[in-house]
Amino acid sequence: MSFEGEFANYEPLRRIFSSKKVEQFLDELEVCDVASNVTNILEKVIQKKDLKNTDNIQPDLILAMDGSVAEASVTKGFPNANYGYITIASVLIDMEKIKVIQSEKFPDPRKVNAIESASTFESVFPGCNVFQSKTEAPKEFLRRKIYEELQENSALPNGGETLLDTYEYLLDIKLKNSGNPPRCPIEGYEDEDLIIQRGIYKHAKTGKPLYSTDALRLHELMNPSGSNGELFGQIMSAFEKIWFVNILRAFEKKGWLGTLRRVAFFIDGPLAVFSTPSWLAKSISEEIIRINAEQKKINNQDMIILGIEKTGIFCNHFQDLDTNREGVKDIFPRETAFLINDQYIKENIIFSDSIKPYGEDTYFGRKFFYKTSSGKRLIPVVATYSDYEKNSKTANVSQFSRLKDIMELLDRLVSNRYPNAITPLISAHAEAAIPFNMGQKLFEQIARQIIERDKTNG
C-alpha cells in the first residue's frame, strides 16, 4: 500500500506490462464475444406489436419506492465512530393529472405540485464504536435498534400493522419452511444455534436479550473498526422490502384489494434481497403470491410489481447487445423485449457452472431487457406469481405476467433525463435523498386518493 501522496513511477508499470506471467495469464483468458451472438438474439426478441391486447385495466396511479443511505462520523467519543442515516420514500404519481398537464401549453404550477404525494421513513443506526450505554456493546445496541425501528413504524399509522408485525409474519413463513438456524449473537456463544422466537426474549445461559430481528443477521455485517457502508446499505434494503410488503398487507387489512387494479408498484433496484437477510426473498415471494391471488379474485388480473435495475453487469450487457462490432449503437429494435433464461445468464452475463438457477435464493422476480419506443434501454424485474413463472430454465412470454401492459407502461414512464431510469423512481429517489417530508407519513392520504379514483372510474 502506498503512502499518502505517493504515486507509482514508470518502472513498476513497465515490469507489469512486459511480464511473461501477465502475458501468459491474458492469453489464457476466454472472453465472451457478445457481438457474435447479437444476430441470433435478434431472432428471439419479442416485439410489443406482436403481443395480444389485453382486457386489463391499465394503472393510472404509480407507487414508486426508493431508499437512500448516508454514513457519517460521530464527533465525540471513540475514534472511527460512525452511524448510518437511512431514508425510504414512497411516492404516488397520478398519471391522469400528468395527461391533463401535458395537454396544456402553460401548466398551472399548482397542478404540477398535485401530481405527486410522498411519504418517507427515516432512521439512524449505530455503527463502529457507537454506544448508548457502556453496559451495551455497539453490536448489542445495533440489534436493539433494528428491532425498535421496525416496532415503532408502519406504512399505515392508523390501525395498520407495524413493520415488526410484517417482519415477524415473514419470519413465520421462514420457520414454517425450516432451513438452517443462524448462530447465536451473544458473545462467547456464537457456536450455538439461535432459537428464534417472536418479540424480545432472553438467552437461556446469560439472560441477555435476544430479538426476533436477530434472524436477519444484519449485526454480523458490523465492522468493529472502520466503515460500515455495507451494513447500512443492507439494513436499508431489508427495511425497504419489509416496508413494501407492509403496504400490500395494509391494502388487504383495510379491504382495499379491489383498488390494486389501478396501481402499479415500482421498486428501485432488483426484486431481491441479498447478504445475511436473503431468506426474506422466499418469504416475500410467498406472501406476494398469496396477496396477488386474493386480489385477482376481485380484479381478474395480476398486480404489476416491477423492480428497475439502473446499473450493473446486466445493464452493461444490454449496452453491448445494442452495439455492433463496428461500434454502431442503437441496433436493438425499439418496443422490443428479450426474455432471458438461466442458461443465457450463465453463458453470457455471469459465468457459472452451478446447477442452482441464478437468483433462486435471492430474487422474487425475473429480469428481461426492454428497448422503449424512445430508444432507451431498461432492465425491468417483474414479480413472479407461480412456480411456472419462477422456472428460469425457460423464458416464455406467459412466464412474464402482463408483459404487454408492462411494455406500454414503461414506454410512458421512461426518463429522457437519466439512462436506465423511469420518472417515478427519480421522484422517489429525490424524496429519499432529500426528505422534505421528514417524519411525515402520508400513506393514509395516498390510500384515500386511490379509493376516490376507484369510485370515480368505477
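Start by selecting helix α7, residues 163-176. Helices (H or I, at least four residues) and strands (E, at least two) are DSSP runs, numbered from the N terminus.

Before moving on, note that this is a predicted model: local features need pLDDT of at least 70, side-chain atom pairs count only at pLDDT 80 or more, and totals for chains, interfaces and linings use all residues. Residues are numbered from 1 along each chain as its sequence is written, and side-chain values use heavy atoms, with hydrogens and water left out.

Stay on α7 and colour its buried residues, among them Leu163, Tyr167, Leu170 and Ile173. Buried means under 20% relative accessible area, exposed over 50%, partly exposed in between (1.4 Å probe, protein chains only). Just past the helix, click Ser178: its phi is positive, about 60°.

Tyr167 takes you to the next stop, the largest nonpolar core, where Tyr167, Phe265 and Ile305 are among the residues with the most contacts. This core has 68 residues, and helix α8 (residues 229-253) gives the most to it, with 14. A nonpolar core here is a set of buried Ala, Val, Leu, Ile, Met, Phe, Trp, Tyr and Cys residues joined through side-chain atoms within 4.5 Å.

Now centre on Phe265. Leaving aside neighbours within four places in sequence, its contacts (heavy atoms within 4.5 Å) include Leu63, Phe244, Phe251, Ile304 and Ile305.

Next, select strand β8, residues 304-309. How many of its six residues are buried? Six of the six, so the strand is largely enclosed by the rest of the structure.

Strand β7 (residues 263-268) runs parallel to β8, joined by five bridges, and Ile267 has Gly307 as its bridge partner. Strand β11 (residues 377-383) pairs with β8 in the antiparallel sense over four bridges, with Leu306 opposite Val382.

Finally, zoom out to the whole protein chain: 15 helices and 11 strands, with 51% of its 458 residues counted as buried.

Definitions and conventions:
Pairing = 2+ DSSP bridges. Expected span 1.5 Å × (residues − 1).
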